[in-house]
Amino acid sequence: MNIALLGYGSMGKSIHRIALERGHIVSAIIDPNAPEANFREIIPEALLGINLVLDFSHGFAVQKNIKICLKSEVSLLVGTTGWYEKLPEIRKQIESGKIGFLWSSNFSLGIHLYFRIIAETAKLIGAFDEYDIWGHEIHHCNKSDSPSGTTKTLEKILLENIPRKKSIVEEKLDRRREDDEIHFSSVRGGVVNFAHTIGFDSAADKILITHEARNRDGYALGAVKAAEWLQGKKGYFEMEDYLREILNFKL
């Protein structure tokens with residue numbers, strides 16, 4: 001594939017390295033600040049000859065990026081977070097266009113296995129009122145949103161599988177937490193921190209399930225492999241679609 005990287009921070013650099021290792025070409029680096037960039041913004045000229053754009057830039061720019069990719073008929077993979085309230089509108093645009101579009105809050109294979117583990121555990125715990133549920137995440141100090149997109153997905157999984165829990169609280173609590181709430185805390189610190197923990201907690205014991213990434217390579221490799229899968233496809237896809245075909249299971 002001939003790839004354009006949209007956003008060239010730590011994640012963009014990891015994707016660049018892994019894409020080259022897998023035999024791909026990176027012809028365009030699009031970033032307003034990176035010295036390595038050959039384009040400061042996404043414009044049609046930057047996409048000439050490009051097969052696919054990988055977007056790890058900023059959530060506020062996703063709609064603009066999609067508009068240009070649709071016009072240029074270049075497929076787009078989005079790993080940027082912080083734009084999900086616009087998803088219904090974006091889905092309509094993609095379905096009426098001629099490109100392939102795949103997004104995920106997290107492209108790590110390990111985290112998607114973790115999602116499945118949490119979903120199955122939540123179903124079991126849901127039958128036992130003795131267990132309360134809470135969540136915690138830590139990410140590096142440079143992460144631009146809080147909570148993460150991965151945490152949002154975990155929150156959705158927990159609420160869907162534990163009927164007695166009705167809502168999530170993410171902010172600081174200056175009151176007693178209600179019985180039908182799940183409190184999910186977020187910490188930002190350090191250079192390479194990516195971890196999520198779900199606690200299933202009773203008076204007698206505690207079950208902790210943690211996913212902790214050692215570095216960015218799992219995320220970057222997952223994004224490149226998903227981009228390879230997306231090549232040549234048209235329409236709107238989520239990570240479930242990719243995993244259903246590759247791993248033959250539904251999250």
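This is a predicted model: local features need pLDDT of at least 70, side-chain atom pairs count only at pLDDT 80 or more; totals for chains, interfaces and linings use all residues.
Local features were considered at a pLDDT of at least 70 and side-chain atom pairs only at pLDDT 80 or more, whereas totals for chains, interfaces and linings use all residues. Residues are numbered from 1 along each chain as its sequence is written, and side-chain values use heavy atoms, with hydrogens and water left out.

Pockets were located on a 1 Å grid over the protein atoms alone, a pocket being an open set of points where a 1.4 Å probe fits, with protein on both sides within 12 Å along at least five of seven lines. Lining residues have an atom within 4 Å of a point. Grid points are joined across faces, edges and corners, and a volume is the space filled by probe spheres set on the points. The largest pocket has a volume of about 1,000 Å³. Its lining comprises 41 residues, of which Met11, Phe56, Ser57, His58 and Ser144 are the closest to the centre. Two or more lining residues are given by each of helix H1 (10-21), helix H2 (62-72) and helix H5 (149-161), where helices (H or I, at least four residues) and strands (E, at least two) are DSSP runs numbered from the N terminus. H1 gives the most to this lining, with 3 residues. By class, the lining of the largest pocket contains 12 nonpolar, 22 polar and 7 charged residues; Ala, Val, Leu, Ile, Met, Phe, Trp, Tyr, Cys and Pro count as nonpolar, Asp, Glu, Lys and Arg as charged, and the others, Gly among them, as polar.

For the second largest pocket, the volume is about 590 Å³. Thr153, Lys156, Ile157, Glu238 and Glu240 are the closest to its centre among the 23 residues that line this pocket. Helix H4 (109-125), H5 and helix H7 (239-247) each give two or more residues to the lining. The largest share, 7 residues, comes from H5. The lining of the second largest pocket divides into 8 nonpolar, 6 polar and 9 charged residues.

In soluble globular proteins, nonpolar side chains tend to be buried together. A nonpolar core is defined here as a set of buried Ala, Val, Leu, Ile, Met, Phe, Trp, Tyr and Cys residues joined through side-chain atoms within 4.5 Å, with buried meaning under 20% relative accessible area, exposed over 50%, and partly exposed in between (1.4 Å probe, protein chains only). The largest such core has 32 residues, and Ile15, Leu54, Leu77, Leu102 and Phe107 touch the most other members. Strand S1 (2-6), H1, strand S2 (25-30), strand S3 (52-55), helix H6 (217-230) and H7 each give two or more residues to this core. H6 gives the most, with 8 residues. Leaving aside neighbours within four places in sequence, Leu54 is in contact (heavy atoms within 4.5 Å) with Ile3, Ala4, Leu5, Leu6, Ile15, Leu77, Ala223 and Ala227. A second, separate core of 25 residues includes Ala4, Leu47, Cys69 and Leu87.

Cys69 is also one of the buried residues of H2, together with Val62, Asn65, Ile66, Ile68 and Leu70. The buried residues of this helix pack against S1, S3, strand S4 (75-78), H3 and S5. Just after H2, Glu73 adopts a positive phi of about 55 degrees. Phe60 is located in the loop between S3 and H2 and is classed as exposed because its relative accessibility is 66%. Its C-alpha lies 9.1 Å from that of Thr81, 21 residues away in sequence.

Further loop residues were examined individually. Ser104, in the loop between strand S5 (100-103) and H4, counts as buried because its relative accessibility is 4%. The side chain of Ser104 makes a polar contact with the side chain of His112 (3.4 Å). Such a contact is a pair of N or O atoms within 3.5 Å; within protein, one must be able to donate a hydrogen and the other to accept it, and residues adjacent in sequence count only if both atoms are side-chain atoms. Beyond its neighbours within four places in sequence, Ser104 is in contact with Val78, Gly79, His112 and Met239.

Ser96 is found in the loop between helix H3 (87-95) and S5 and is exposed, with a relative accessible area of 63%. A polar atom of the Ser96 side chain lies 3.1 Å from the backbone oxygen of Lys92. Arg177, in the loop between strand S7 (167-169) and strand S8 (181-188), is buried, with a relative accessible area of 17%. The Arg177 side chain reaches the backbone oxygen of Glu181 at 3.2 Å.
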